[in-house]
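Work through the exercises below with the sequence and the 3D view side by side, and try each task before reading its solution.

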Amino acid sequence: MSQPGKPILLNAFNMNCVGHIHHGMWTHPLDRSTEFNDLNYWLDLARTLERGMFDGLFIADILGVYDVYQQGIGLTASESIQLPVNDPLMLVSAMASVTEHLGFGLTANLSYEAPYPFARRFSTLDHLTKGRVGWNIVTGYLDSAARAVGQTQLPGHDQRYDQADEFLDVSYKLWEGSWQDDAVLADRQQRRYADASKIHPVRHHGEFYQVEGYHLSSPSPQRTPLLFQAGSSARGIRFAARHAECTFVNGSTPQAMRAQADKLRQAARDAGRQPEDLKIFMGVSVIVAPTEQQAREKHQEYLRYASPEAGIAHFSSSTGIDLAQFGLDEPIHSGATRAIESVSQAYNGWTRRQLLEQHALGGRYALIVGNPAQVAEALINWIDEAGIDGFNLTRIVNPQSYIDFIDLVVPELQQRGRYKTAYQSGSLRKKLFNHDRLPSRHPAARWRVADHTSGKYL
């Protein structure tokens, strides 16, 4: 049995839609994903996850549609491959009202946002949740989204990250510097709610953004939301090293994941931060039952509902390549792409048959099948061998996959001293890093010490 080590962090990986990762599973009789338009569905999920002491609910999002495979949305519509998909931010206030500790990692594409109103939305949520929100920073990879907002095509991969760097700089100025901590007085007797001398204008004139104005929200518990990022390209790693607190990466083996983790932590060190400033999560799928035989039987049952073709239709848009044009055993060569660069490179030379086999359960995440002890040991092995911190646990059958994990795996992990038995109090950042605000070595902190008297603030 494993000796006690660092506690495992755990997010539920979900999306405000029917089909998220494991495509086709919405047809399973126990799956409730088609109820995603019903708020009670989300409230039930939030209560369930807090019962299991999950650190957070990580909600993916996409702008645009998956229209690369077969050059249309036929399969996307029939299998509901992240279509329809609703705004994740709208769910949070309600879920926060029925929970006390559960965090919320919210995906938002900055490429089609303006920093000024965007910063207010996250500050508002941080207030209403008492500091339990995080932002998963994405720049998008779908041409369909670019066309939908009036662009001719998606900007180049590295240009999107250049824009993202500037978006973050503007956001930091608004979140960290516009209001001083003691600006709010709420003094009824003196009729002074806030001290104007401690509220400062942001004046930013850059390549992508021109902003002049005061942040509309007073300082929230975290000021800047907890920052998530998922990107494994060279440019994505540089971006993560500068900004991210939690990164979401994948690897086929613990050794491959260890190489990714080491690369990210070294990049953080090179950017003037500390390796421990990053918490690294990987995506994982779990099928668990009281016995190994029952788990194997459940896996076989799930395979009957899954759609491997829908999985590679999703994958087609990730690579920017219409995989339907290739024969089953014809090697796929990507060439230049504006989609997810690291994915395109990793699967160059694969065949459609290989991809269909990989997507047998409708998705391509690492899969663990077994009894509670086997699953717990496998998760612990990933943490210890790969040097990561936690998992984004996918839903296969929703919410049954989470219920099974909570009832069967969580007690096993707790028995091994690898999972919390109670929540720590405080904000989402406090729970993960033991402080509410970004540390002074993070680039956002520079805006806290700007010269407020110069007239050239920020």
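**Exercise 1.** Find the element that holds Ile 137, and decide whether Ile 137 is buried or exposed.

Solution. Ile 137 sits in strand β4, which covers residues 133-138; here helices (H or I, at least four residues) and strands (E, at least two) are DSSP runs, numbered from the N terminus. The model is predicted, so local features need pLDDT of at least 70 and side-chain atom pairs count only at pLDDT 80 or more, while totals for chains, interfaces and linings use all residues. Residues are numbered from 1 along each chain as its sequence is written, and side-chain values use heavy atoms, with hydrogens and water left out. Ile 137 counts as buried because its relative accessibility is 3%, where buried means under 20% relative accessible area, exposed over 50%, and partly exposed in between (1.4 Å probe, protein chains only).

Next, look at the surroundings of Ile 137: leaving aside residues up to four places away in sequence, Ile 137 touches Ala 108, Leu 110, Leu 168, Leu 227, Phe 228, Gln 229 and Phe 239, a contact being heavy atoms within 4.5 Å. Finally, the C-alpha atoms of Ile 137 and Asp 165 are separated by 11 Å, although these residues are 28 apart along the chain.

**Exercise 2.** Describe the setting of Gln 70 and of Ala 186, each of which has a positive phi without being a glycine.

Solution. Gln 70 has a phi of about 60 degrees, lies in the loop between β2 (56-60) and α2, and counts as partly exposed because its relative accessibility is 48%. Ala 186 has a phi of about 50 degrees, lies in strand β5, residues 184-187, and counts as partly exposed because its relative accessibility is 47%.

**Exercise 3.** How many helices and strands does the protein have, and what percentage of its residues is buried?

Solution. The secondary structure comprises 15 helices and 13 strands, and buried residues make up 57% of the 458 residues. Among contacts between residues at least 6 apart in sequence, 76% join residues at least 24 apart.
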